[in-house]
Amino acid sequence: MSGVAVAGIEPKRRERAIDLFKGLLIVGMVYCHTLQFFSDPVVYPSISRWIDFFNLITFSGFVFSFGYVSQLAYYSKPFRSACPRMLAAALKTLLAFYVSGTAFRVFHDGAPLQWDTIRPIMLLKDIPGWSEFLVSFTYLMVLGLVLFVPLRWLSGRKWLGFLAAGLLLAGTLFPYGAVHVPQLGLLVGTRDFASFPPVQYFPYYLLGILFAKYRIRFDWLVLAGSVLATGLFAANWRYAGELPSRFPPSLFWIIGAAFILYVYYLLARVLERIPYAFGFLESMGRNVLLYLVLSNLLIFTVKSSRPDLLVGSGGGLLYAAGWLAVCGFCSWIVTKRTR
């Protein structure tokens, strides 16, 4: 789903931990995409759980990190200086969606590379698979810009901010069936196509802002809240006998990732204490947009040339490592090193 956060945000003072957090998410996302394209749960039943796990945490985790870095890069600064950079970040993710979405239609669906293929994507009338999350970050950044003043006000009132994050979960009660306009469905959700509506995932964005502003590390109340949220998700899963709705997102799907992401966050805080050992993860976190787009292009291209390629969980991990290595090489040759 760029040099930083999800959409090329560049705070002056980087936090290694949040880059490591994003790096962990990228590894899981690329592995998940690899299994979705090159494996079969009928042949390899174990992959279903891996796919479900990473589907649950990845987008929510990126939204959290997006909010975290936005607090450092934007909300700690005046609106006048933050606005142009937020718009630039939104434009970057929109262009990334155009590239990834067009590649999906051409390489995966076999559509001709012509204006009739590209135009609906550019107008957000056609939302290609495995690319929709990119345009969701564009919407999220615009939403964060529109709510710039209220978010700064909320972030200055810690517990009110946490309460607001909980109340925002009511967005999952939205009547999704009433939405049939693609551009609106991307914002609030719809039953017509798969989307990651920022309105429903916005609690994680607000939580990211609060974590960054108040330098939250290990906290018993946060731990208890995250365990409760993921516990409710697990209880619903067990009671219903199936995962909560992901497209469009239900309440239980949104809260399900809370505990796992908190563990990821705390793990990243531990890893940052080990200099250089996890530099590859940190590099991924500094170049998220590059890894999101380029890994998609690699997967779409290989799938089009090797449609019968089938791998298990181990083979998928090797292929994912290969995609990440190529992305890392591309990042290395274009990154200007500080002297």
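**Reading the terms behind a predicted model**

Trainee: Why is Y68 called buried?

Mentor: The relative accessible area of Y68 is 0%, and buried means under 20%, exposed over 50%, and partly exposed in between (1.4 Å probe, protein chains only), so Y68 counts as buried. Please keep in mind that this is a predicted model, in which local features need pLDDT of at least 70 and side-chain atom pairs count only at pLDDT 80 or more, while totals for chains, interfaces and linings use all residues. Residues are numbered from 1 along each chain as its sequence is written, and side-chain values use heavy atoms, with hydrogens and water left out.

Trainee: What makes Y68 and Y265 an aromatic pair, and which type of pair is it?

Mentor: Rings of Phe, Tyr and Trp (its six-membered ring) pair if their centres lie within 6.5 Å, and planes under 30 degrees apart count as stacked, over 60 as edge-to-face and the rest as tilted. The centres of Y68 and Y265 are 6.3 Å apart and their planes are 55 degrees apart, which makes the pair tilted. Y68 lies in helix α2 and Y265 in helix α12, so the pair ties together parts that are 197 residues apart in sequence. Helices here are DSSP runs (H or I, at least four residues), numbered from the N terminus. Y265 is also buried, at a relative accessible area of 2%.

Trainee: How do you know which type of pair F59 and Y201 form?

Mentor: With 4.7 Å from centre to centre and 80 degrees between the planes, the pair of F59 and Y201 counts as edge-to-face. F59 sits in helix α2 and Y201 in helix α9 (residues 198-213), 142 residues apart, and both F59 and Y201 are buried. The two also belong to one aromatic cluster, whose members include F66, Y75 and Y205.

Trainee: What makes α2 and α6 count as roughly perpendicular?

Mentor: The axes of helix α2 (residues 47-75) and helix α6 (residues 148-155) come within 12 Å and cross at roughly 110 degrees. Axes are lines fitted to C-alpha atoms, for helices over the stretch in contact, and angles run from 0 to 180 degrees between N-to-C directions. Angles under 35 degrees count as roughly parallel, over 145 as roughly antiparallel, 65 to 115 as roughly perpendicular and the rest as oblique, so α2 is roughly perpendicular to α6. Contact means heavy atoms within 4.5 Å, and this one is made by Q71, Y74 and Y75 of α2 together with F148, L151, R152 and S155 of α6.

Trainee: How do L124 and W130 compare with the cut-offs, buried or exposed or partly exposed?

Mentor: L124, at 11% relative accessibility, counts as buried, whereas W130, at 26%, is partly exposed. L124 lies in the loop between α4 (115-122) and α5 (132-146), and W130 lies in the loop between α4 and α5 as well. Phi of L124 is near 60 degrees, a positive value in a residue other than glycine, and phi of W130 is likewise near 60 degrees.

Trainee: Why is R269 called buried, and which residues does R269 contact?

Mentor: R269, which lies in helix α12 (residues 258-271), has a relative accessible area of 6%, and is therefore buried. Leaving aside neighbours within four places in sequence, R269 is in contact with E15, A17, Y68 and R217.

Notes:
Helices (H or I, at least four residues) and strands (E, at least two) are DSSP runs, numbered from the N terminus.
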